[in-house]
Amino acid sequence: MPRPTTASRPTTAPPPKPAATSTSTATSNEERASALAFLGNLATEVSKGTVNLPCFPDVVMRIRKALAAPDVSMTEIVKIVGTEPRLAARLLQAANSAAFNPAGKHLSDLRAAITRLGHRPVQSAAMSFAVKQLRLAPALRAISKPLNVLWEQSISVAAICQVVARRTRVSPEEAFLTGLLHGIGRLYIMVRSVGKSDHLYRDPSFVDMIASWHPAIGKAVLENWGFDDHMCEALGDQDDHDRSGKNDADLSDILVVGVALARVLREPGPRSVDTDHIKSFARLHLTSQNCAEILRHAEHQLGSLHAALGC
């Protein structure tokens, strides 16, 4: 996997400073070099197929693998979900939420709940459950706040991707799951950095490093977990604003737009969507007015999505 590059910043000779400050600067440079080496080692590790995500519930991956098997039975899926009562309760909650139960027909049977949800929404709910366990893990308390921020962003990206996908031939459920997983590389870096580089989250340069590396690491994580190739490619392409092609707009275009519009959604005051410098907007035939409508629709859905995902 190609190693992401980080832009170098011009350096100028600093004015004389007290010795303590010079020592602090030297230490900071050493810490940043150590953080860069850590990211490089992490990228090499996942590209070779080794994914180690502490505190991540194993049941979620077992469900994902079962759902990906062409001959899996509903009995087997129910059996796997039943090994984790909290996840079973989450799926029942999702199936009975307004997003999946507009008729108000309450279900109490796990098999019926999974059938109502469908494979992709089950994976989305399971991933939501997994992330919540990470957020609550005592060992990860140092990054609980950035994990919460990342999860909120992921739900926004997922909601926007789902709305955009309805304008295309791409499955809205698949687009939603891809949006929900778009930050898995960032999450992986954060979890693995606990006790090593977590104090650097206050350093903008370290945050910039993560922004450069997380798409490639996220792609490798999904590949290791056996997700479809086009979902993995979408994660790797999510910040490629110059991607173009002769074919119709695809999942990668949807995610590029979803990530860009989610940033706009977080802006206070009047929102401005710049569609000129990201080619995926043109590939999806989205105007500024279309984008404003998509944001309104996605924002309206966020409440019901939180209820469905139990977070």
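Helices (H or I, at least four residues) and strands (E, at least two) are taken as DSSP runs and numbered from the N terminus. On this basis the chain contains 14 helices and 0 strands. The order of elements from the N terminus is α-α-α-α-α-α-α-α-α-α-α-α-α-α. The model is a predicted one, in which local features need pLDDT of at least 70 and side-chain atom pairs count only at pLDDT 80 or more, while totals for chains, interfaces and linings use all residues. Residues are numbered from 1 along each chain as its sequence is written, and side-chain values use heavy atoms, with hydrogens and water left out.

Of the 311 residues in the chain, 48% are buried (under 20% relative accessible area; exposed is over 50% and partly exposed in between, with a 1.4 Å probe and protein chains only). Contact means heavy atoms within 4.5 Å. Among contacts in the chain with a separation of 6 or more, 72% join residues 24 or more positions apart.

Helices α2 (residues 58-68) and α6 (residues 119-136) have axes that come within 9 Å and cross at roughly 170 degrees. Axes are lines fitted to C-alpha atoms, for helices over the stretch in contact, and angles run from 0 to 180 degrees between N-to-C directions. The crossing therefore makes α2 roughly antiparallel to α6 (over 145 degrees; under 35 is roughly parallel, 65 to 115 roughly perpendicular and the rest oblique). On the α2 side the contact involves V59, V60, M61, I63, R64 and L67, and on the α6 side H119, V122, Q123, A126, M127, F129 and A130. By class, this contact of α2 with α6 has 10 nonpolar, 2 polar and 1 charged residues. Ala, Val, Leu, Ile, Met, Phe, Trp, Tyr, Cys and Pro count as nonpolar, Asp, Glu, Lys and Arg as charged, and the others, Gly among them, as polar.

The second largest pocket holds about 380 Å³ of space. A pocket is an open set of points on a 1 Å grid over the protein atoms alone, where a 1.4 Å probe fits, with protein on both sides within 12 Å along at least five of seven lines; lining residues have an atom within 4 Å of a point. Grid points are joined across faces, edges and corners, and the volume is the space filled by probe spheres set on the points. The lining of the second largest pocket comprises 21 residues, with L150, Q153, R186, H214 and R266 nearest its centre. Two or more lining residues come from each of α7 (144-165), α9 (184-193), α10 (204-225) and α12 (251-265). The largest share, 5 residues, belongs to α7. The lining divides into 11 nonpolar, 6 polar and 4 charged residues.

Helix α9 is mostly covered, with 9 of its 10 residues buried. The buried residues of α9 are I184, G185, L187, Y188, I189, M190, V191, R192 and S193. G195, which follows α9, has a positive phi near 85 degrees.

Most residues other than glycine have a negative phi. In C55, however, phi is positive, near 70 degrees. C55 lies in the loop between α1 (19-47) and α2 and is partly exposed, at 38% relative accessibility. H285, also not a glycine, has a positive phi of about 60 degrees. H285 is located in the loop between α13 (279-283) and α14 (288-309) and is exposed, with a relative accessible area of 66%.

Q289 is placed in helix α14 and is exposed, at 57% relative accessible area. The C-alpha atoms of Q289 and V273 are separated by 8.9 Å, the two residues being 16 residues apart along the chain.
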